[in-house]
Amino acid sequence: MSQILVVEDEQHIAEGLRFNLDAEGYQVQVVESGEAALDLLMAEAAAFDLVVLDVMLPGKDGFAVIAELRDSGRFVPTLMLTARGHPEDVLRGFAAGADDYLAKPFELAILIARIGGLLRRRQWLRNGMTGDAVRSESSDAFTFGAKSIRFDLLELRVGEQTFPLTLMEANVLRYLVQHEGKPVSRKALLEEVWGLREDTDTRAIDNFIVRLRRYIEDDPGRPRHLLTVRGVGYRFVSLPVTKG
Ligand code: CA
């Protein structure tokens, strides 16, 4: 049975989630603050299969929680609940390491579908090579130099080191790799990877790219794979031309 942690201070929403997720067969624990969520997740992250994380919380907000979680190397799938009409919150959430989001007020059926999607992905990873879905994805890797992105395992391997990726990090990398050598606009990333149509502040995308560079660049301050295209966006290059 999948264990879900709900982090939500509005009691009626929290109780509604508990009741309905319970009815779907999940084990649900509710906490009302970011601090309480971090206490649980830092102590026994493996006990939870998924986190539903509200942005607006007393004390530490959802952005601070997800950032601390990811910075500490904990990659439990996390769906953020954002305020409708604040697309910049969505971008901030993704930049901080969220896997998915839903704007409030949300439709319960959609929330349950999103949760199911995130958990299925996690289950494939756990099952290793056993399922058909995994077998068909097992060659889903992209190698450049000493680095390899395993899209199926949500991992980036650099030499002997392995870095876990969030679903969204893997999706952004996949999109850039698919358009290798070509400029990819911030708008295209927003619309085609993040599913956002809103004309929003795109700085969050830049922050996201900064994070990816920390993984894939030898010197993140002087990127050779994930290049900035001035006035447009970014361009991925797998084999950079070495200078001099
Ligand atoms: Ca709240």
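This briefing describes the predicted model shown above, from the whole chain down to single residues. The model is predicted, so local features need pLDDT of at least 70 and side-chain atom pairs count only at pLDDT 80 or more, while totals for chains, interfaces and linings use all residues. Residues are numbered from 1 along each chain as its sequence is written, and side-chain values use heavy atoms, with hydrogens and water left out.

**Whole chain**

- The protein chain has nine helices and twelve strands (DSSP runs numbered from the N terminus: helices are H or I with at least four residues, strands are E with at least two).
- Of the 244 residues in the protein chain, 50% are buried (buried means under 20% relative accessible area, exposed over 50%, partly exposed in between, with a 1.4 Å probe and protein chains only).
- Among contacts (heavy atoms within 4.5 Å) with a separation of 6 or more, 57% are between residues 24 or more positions apart.

**Calcium site**

- The calcium ion is coordinated by Glu 8 (OE), Asp 9 (OD), Glu 10 (OE), Asp 54 (OD) and Met 56 (O), at 2.1 to 2.9 Å.
- Donors are N, O and S atoms within 2.8 Å of the metal (3.2 Å for Na, K and Ca); water is not among the atoms, so sites may look incomplete.
- Along the chain, the donors of the calcium ion follow the spacing E-D-E-x43-D-x1-M.
- Asp 9, in the loop between strand 1 (3-7) and helix 1 (11-23), and Met 56, in the loop between strand 3 (50-54) and helix 3 (62-71), are 47 residues apart.
- Asp 9 is partly exposed at 30% relative accessible area, whereas Met 56 is exposed at 61%.

**Salt bridges**

- The count of salt bridges is 14 (a side-chain nitrogen of Lys or Arg within 4 Å of a carboxyl oxygen of Asp or Glu).
- Glu 8 forms a salt bridge with Lys 104, with the closest N and O atoms 2.6 Å apart.
- Glu 8 lies in the loop between strand 1 and helix 1 and Lys 104 in strand 5 (residues 100-104), so this pair ties together parts that are 96 residues apart in sequence.
- Both Glu 8 and Lys 104 are buried.
- Glu 8, Glu 10, Asp 54 and Lys 104 are linked in a network of salt bridges.
- Arg 174 forms a salt bridge with Asp 140, at 2.9 Å between the closest N and O atoms.
- Arg 174 is partly exposed at 25% relative accessible area, while Asp 140 is buried at 17%.

**Helix 7**

- Helix 7 (residues 167-178) reaches 16 Å from its first C-alpha to its last, close to the 16 Å expected at 1.5 Å a residue (the expected span is 1.5 Å times one less than the number of residues).
- Nine of the twelve residues of helix 7 are buried, including Leu 167, Glu 169 and Tyr 175.

**Arg 213 in helix 9**

- Arg 213 sits in helix 9 (residues 203-216).
- Arg 213 is buried yet has no salt bridge, and Glu 217, the nearest side chain of opposite charge, is 5.0 Å away (Lys and Arg count as positive, Asp and Glu as negative; His and the chain ends are not counted).
- The side chain of Arg 213 makes a polar contact with the side chain of Thr 228 at 2.8 Å.
- A polar contact is a pair of N or O atoms within 3.5 Å; within protein, one must be able to donate a hydrogen and the other to accept it, and residues adjacent in sequence count only if both atoms are side-chain atoms.
- A polar atom of the Arg 213 side chain also lies 2.8 Å from the backbone oxygen of Leu 226.
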